[in-house]
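This briefing sets out selected features of one structure, grouped by topic. Please consult the sequence and the coordinates alongside the text.

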Amino acid sequence: MNSNLLILTCCLRIITCLAIDSTGSVADRSRTFVRKEVKQQFNPRVKRDVGSTSSSAEFSPCVSPVSIQDFNKLKQNTNQHAFIDDDGSSVVLSWVGDGTGIILVLTIFNVPVTWFFDQGSSRLYRSEDSGKTFEDISNVIKNTYIRKEFGINVGPSNSQRVILTADVALTREQGGRIFTSLDSGKSFNFVDLAFHPGQPIVYHSSNPDYLLVSSIDNILWLSVDFGKHWTKIHENVQAFSWGPGITIFFSTHPNDTLDADQRGELLLKRTEDLGRTFSTVSNNLFSFGYIGRFLFASIVKKQGEPRALYVSSDQGDTFNQAQLPLATKEQFYSVLEADDDMIFMHVDEPGDTDFGMVYTSDDRGVLYSKSLERHLFAASGKSDFTNVTSLRGVYLTNVLDEDGSIRSVITYDRGAEWNPLNKPADVKCASDSKRCSLHIHGEYSISNQLAPMLPLSDPSAVGLIIAHGSVGDAITAVKPDVYISDDGGYSWMKTLEGPHHYTLLDSGGLIVAVEYYTDIPIKTVKFSTDEGQCWQLYNFTDKPIIFAGLASEPGTKTMNISIWGYMPEAGYRATWVSVTIDFEQLLTRDCEDDDYVNWLAHSTDEGDLVNDGCVLGYKETFRRLKKKSVCINGRDYIVEKEQNPCLCTKLDYMCDYGYYRQENSSECVEQPDFKDRQLEFCLLGNEELLMTTGYRKIPGDKCAGGFSPKRTEEQMNKRCGTAEQILTSKSKETTIMLAVSAVVMMIALVTGVFLIVRKYVCGGRILSYRYSSLREDDDRCIDGELVANETNAGRGFRDDSDEDLIE
């Protein structure tokens, strides 16, 4: 959500910024649970014969109870902890460090009292054994009520830093209060602030002593000693972001002008010395964002006219206008994914359509090509765009057809070509199905309570994808089942019936799942050691609990899983319960060389030995665990792979600016609206003429030789853009704002990709037509209470929640 999502919106609301960890991905160290009201050969890794491999067979799950011997082993390594006399209505837990086994848990009880006063109570617990036991350490923070929306703010990597934000009355003259820990929560020191934080504090990605936060009165504050002392950086700040090194970007209201953001009158500023001096890199700003090596800006050139998107790859020294359609106030841009090579950009269609066009960029982020039409992006700000991290080049998403139905599509080559997902062989299609395929539930389905979890993949579990889905012409509103792919999405298998929570352990060597119910107590966990072909059942408790969610250490290296839930009591009381299972004693044998097999990724077995497996210019052969091997990969497991280059073909190219690829074709054809037009674009203030036959190599593609289409960019000795827009120098200004004239000169060195332009189009609207009508014999309708109890929180702050919106 999936999360690397950037969006730019319109109307009344804007989201400020996205928390990104040191590797550039959204951090995944926290979970929140809410109490519900009870009601050497390539390819073939031999698969087990589970009796359901023919295309005409009905699904027959391979499920069996665990053996008595294994039951006893698991029972000895199952630990249950009940949080007695704790009436918390929600639980927030965070892992502190990597592989440390340290977990902090915050239980929170809220009461409906006016926001001027304390709204409830909280307790803080700590575990040093991966959740097998907990100690109540509330007294360490003087039993202070901690704010739920800020949760437990854990520092990057193994910094041992933790910040808790106290919930104090906003009328408190002294400001807010935080608690800081340098020893993974063993001890805390409190700091009284001169301001009230308006959002969670943001860590610097490599120096956890450097902190940024915006107060409720829109002042940006900086600490360089882990919160002991704070310095005011700037007033009237709309949004901010850490940049490379100690660079800070922020947008500000000139003279605290009302609704300056909506009129595109913000200034984008940059400080490279922690707030001692500033550069104004742009004005006429609507919103901005920084991700990967790109600084994005949405610029209003003239009041009443559409916005343009500008991109900088040198931290704002120079900007180029992205060759994308302009956006009106009713439209938005969204950076779906970005790295050093390429950007996936969603551009909203005019009107309240809930879909748009996905474009892919060149390595400069300037030239864009059409990648996918009618990409679903709902008014609620939900997109199903998913990066499959277990295999390079693979992405999943959903499109909105003209008839209002939603279909899933997949790309294996970074958006050069999109195709429907293949139907699993163990599932039948309806007799009246016209284009039967598999459809995957994503963020949009979760927001509509149709699935409890997003698709799951991890780089250490090569080729594995687990997801909720359904088979047919389009996504339906029946209860989804769980499907699994072991080859990066080329083929799929139905593995579990009904919605589940699931997770990967031991680098994919172990999969754990729990059936999801809204109000039925559970006592059984399912686990698989062969990538979901067969499952064993283990009753982990004698007293069933209402399930709230699964929790495991970030990544997939651990062998421990915690099942969280609660046992209802008289009245509205309930007791939270955590059951932690250690599978290490069940899988007692370490994997050896004979347990692995060579596997050629992206292989299609179509007889072309030269090009088989060639994607993005090279082949990759991985050493993967055999499905029949029951052993432990271990914490030190590293994915082994061998790469070999390929000759270039048309599949190594995406269609160039002004061209597009028709469905089921590798040919790039000219867009009708570009017919008989010179392809001109503005680069660094100079008009460039693009001479192309329609093909541009996919960024990051490493092919050599073979197909090599002609392509040149010629400078036309003609200036483009206004004088202000092509300025590349920056003037320094002191904190007293001496260089007002410099602001005028910098009038659109365009900035910011609205790191989240969510389409809250003037309040939005209720969507009701998204899923296919149910057939009369579909009696497995989703319960209205199916909710996603498990949410992720970042090391820093998350700004993709309603609580971070700025009115």
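Which residue's side chain does the side chain of Thr 78 join in a polar contact? The partner is Tyr 538, at 2.7 Å; a polar contact is a pair of N or O atoms within 3.5 Å, where within protein one must be able to donate a hydrogen and the other to accept it, and residues adjacent in sequence count only if both atoms are side-chain atoms.

The model is predicted, so local features need pLDDT of at least 70 and side-chain atom pairs count only at pLDDT 80 or more, while totals for chains, interfaces and linings use all residues. Residues are numbered from 1 along each chain as its sequence is written, and side-chain values use heavy atoms, with hydrogens and water left out.

**Thr 78 and the sheet of β5**

- Thr 78 is found in strand β5, residues 78-83; strands (E, at least two residues) are DSSP runs numbered from the N terminus.
- Thr 78 counts as buried because its relative accessibility is 16%; buried means under 20% relative accessible area, exposed over 50%, and partly exposed in between, with a 1.4 Å probe and protein chains only.
- Beyond neighbours within four places in sequence, Thr 78 is in contact (heavy atoms within 4.5 Å) with Tyr 538, Phe 540, Val 579, Thr 580 and Ile 581.
- β5 belongs to an open sheet of four strands in the order β5-β43-β42-β41, with antiparallel pairing; two strands pair if DSSP finds at least two bridges between them.
- β5 and β41 (546-551) each have a single partner strand and stand at the edges, so one side of each lacks a neighbour in the sheet.
- From one strand to the next, the twist averages 20°; axes are lines fitted to C-alpha atoms, and angles run from 0 to 180 degrees between N-to-C directions.
- β5 and β43 (residues 574-582) run antiparallel and are joined by six bridges; Ala 82 stands opposite Val 577 in β43.

**Nonpolar cores**

- The largest nonpolar core has 36 residues, of which Phe 344, Trp 418, Leu 421 and Trp 492 touch the most other members; such a core is a set of buried Ala, Val, Leu, Ile, Met, Phe, Trp, Tyr and Cys residues joined through side-chain atoms within 4.5 Å.
- Two or more residues of this core come from each of β30 (395-400), β31 (406-411), β33 (437-440) and β34 (465-472); β30 gives the most, with three residues.
- A second, separate core holds 26 residues, among them Leu 74, Tyr 538, Ile 563 and Met 567.
- Leu 421, leaving aside neighbours within four places in sequence, is in contact with residues including Leu 396, Val 409, Leu 438 and Trp 492.

**Disulfides**

- The structure holds six disulfides, each a pair of cysteine sulfur atoms within 2.5 Å.
- Cys 429 and Cys 436 are joined with an S to S distance of 1.3 Å, and their link is left-handed, with -50° about the S-S bond.
- Cys 429 is partly exposed at 26% relative accessibility, and Cys 436 is partly exposed at 24%.
- Cys 591 is joined to Cys 631 at an S to S distance of 2.0 Å; the torsion about the S-S bond is about 95°, so this disulfide is right-handed.
- That pair links distant parts of the chain, 40 residues apart: Cys 591 lies in the loop between β43 and β44 (596-600), and Cys 631 in the loop between β45 (618-625) and β46 (641-645).
- Cys 591 is buried at 17% relative accessible area, and Cys 631 is buried at 2%.
- Cys 648 is joined to Cys 703 at an S to S distance of 2.0 Å, in a right-handed link with 95° about the S-S bond.
- Here too distant parts of the chain are linked, 55 residues apart: Cys 648 lies in the loop between β46 and β47 (653-655), and Cys 703 in the loop between β52 (695-697) and β53 (711-719).
- Cys 648 is buried at 6% relative accessible area, and Cys 703 is buried at 7%.

**Strand β16 and its partners**

- Strand β16 (residues 220-223) is covered on both faces, with Leu 220 and Leu 222 buried on one side and Trp 221 and Ser 223 buried on the other.
- β16 pairs with β15 (residues 211-214) in the antiparallel sense over four bridges, and Leu 220 is the bridge partner of Ser 214.
- The hairpin of β15 and β16 has five residues between the strands, and Asn 218 takes a positive phi near 65° there.
- β16 also pairs with β17 (residues 231-234) in the antiparallel sense, over three bridges; Trp 221 stands opposite Lys 232 in β17.
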